Amino acid sequence: MASSDRSPGPMPAGDGSMPPGKAMTVGQQVLDKGAQMIQSLKPVKQMKQHACTFAVYSHDLDRQIETHHFLTRLNRDFLQCAVYDSDDSNARLIGIFIASK
C-alpha cells in the first residue's frame, strides 16, 4: 500500500461506515443483481488464502490499521493480493499488490 508523506485531509461528514457519495438508485441495484446472476467472478474465486496484518501510516507511525490480505498464489515466486479493511462482507478494498521473491 502506498501512502504519501502529507497529512491526510479532513474526513467527510459521517461516522466512516459508508464511503462518501449518493445512495444507489433502484436501477443501479437491479443492474448489480443482474450482473451477480450472470458473472462467474472466476479470478476472485481463485483467492484461497487470507492473512490478517497491521499496517502503519508513513506520516503517523502511531496510527495503525488492521488489514486483510486475500491471496492468489500464481507460482512459487509470485502472489497476488487484494487488501481490504476487514473480512466482513461489506469490507472496502484499500489496496492491491503483487509480491515476488
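User: Which residue in E3 is the bridge partner of His69?
Analyst: Val83 is the partner of His69 in E3. Keep in mind that this is a predicted model.

User: And what is the bridge partner of Leu71 in E3?
Analyst: Leu71 has Cys81 as its bridge partner there.

User: How many bridges join strand E2 to strand E3, and do they run parallel or antiparallel?
Analyst: The two are joined by 6 bridges. They run antiparallel. E2 covers residues 60–73, and E3 covers residues 78–84.

User: OK, back up. How many helices and strands are in the protein?
Analyst: The protein has 2 helices and 4 strands. Starting at the N terminus, the order is α-α-β-β-β-β.

User: Which strand does E1 pair with, and over how many bridges?
Analyst: E1, residues 49–57, pairs with E2 over 9 bridges. The sense is antiparallel.

User: How many residues does the hairpin from E1 to E2 go through?
Analyst: That hairpin goes through 2 residues.

User: What about E4? How many bridges join E3 to it?
Analyst: E3 and E4 are joined by 7 bridges and run antiparallel. E4 spans residues 93–100. Tyr84 stands opposite Leu93 in E4.

User: Switching to charges. How many salt bridges does the count come to?
Analyst: The count comes to 1 salt bridge.

User: Which side chains meet in that salt bridge?
Analyst: Asp85 and Arg92 meet there, with N to O at 3.4 Å. The cut-off is 4 Å, so the pair qualifies.

User: Is Asp85 buried, exposed or partly exposed?
Analyst: Asp85 is partly exposed, at 27% relative accessible area. Arg92 is partly exposed too, at 33%. Buried would need under 20%, and exposed over 50%.

User: Now the surface. Which residues form a nonpolar patch?
Analyst: Leu74, Phe78 and Ile98 form one. Together they have about 280 Å² of accessible area.

User: Where is Phe78 found?
Analyst: Phe78 sits in strand E3. Its relative accessibility is 35%, so Phe78 counts as partly exposed. A patch residue needs over 30%, so Phe78 clears that cut-off.

User: What share of the residues count as buried?
Analyst: Of the 101 residues, 12% count as buried.

User: And helix H1? What is the count of buried residues there?
Analyst: The count is 0 among its 13 residues, so H1 is hardly covered.

User: How far apart are the end C-alpha atoms of helix H1?
Analyst: They are 19 Å apart. H1 runs over residues 26–38. At 1.5 Å a residue, its 13 residues should span 18 Å, so the model agrees with expectation.

User: Last one. What share of contacts join residues at least 24 apart?
Analyst: That share is 26%.

Notes. Residues numbered from 1 in each chain as written. Predicted model: local features only at pLDDT ≥ 70, side-chain atom pairs only at ≥ 80, totals over all residues. Heavy atoms only, no water. Buried < 20%, exposed > 50% of the residue type's maximum accessible area, 1.4 Å probe, protein only. Pairing = 2+ DSSP bridges. Contact = heavy atoms within 4.5 Å. Patch = residues over 30% accessible without salt bridge, like charges linked within 9 Å, V, L, I, M, F, W, Y side chains within 5 Å. Areas by Shrake-Rupley, 256 points an atom, 1.4 Å probe, with all protein chains shown as cover. Expected span 1.5 Å × (residues − 1).
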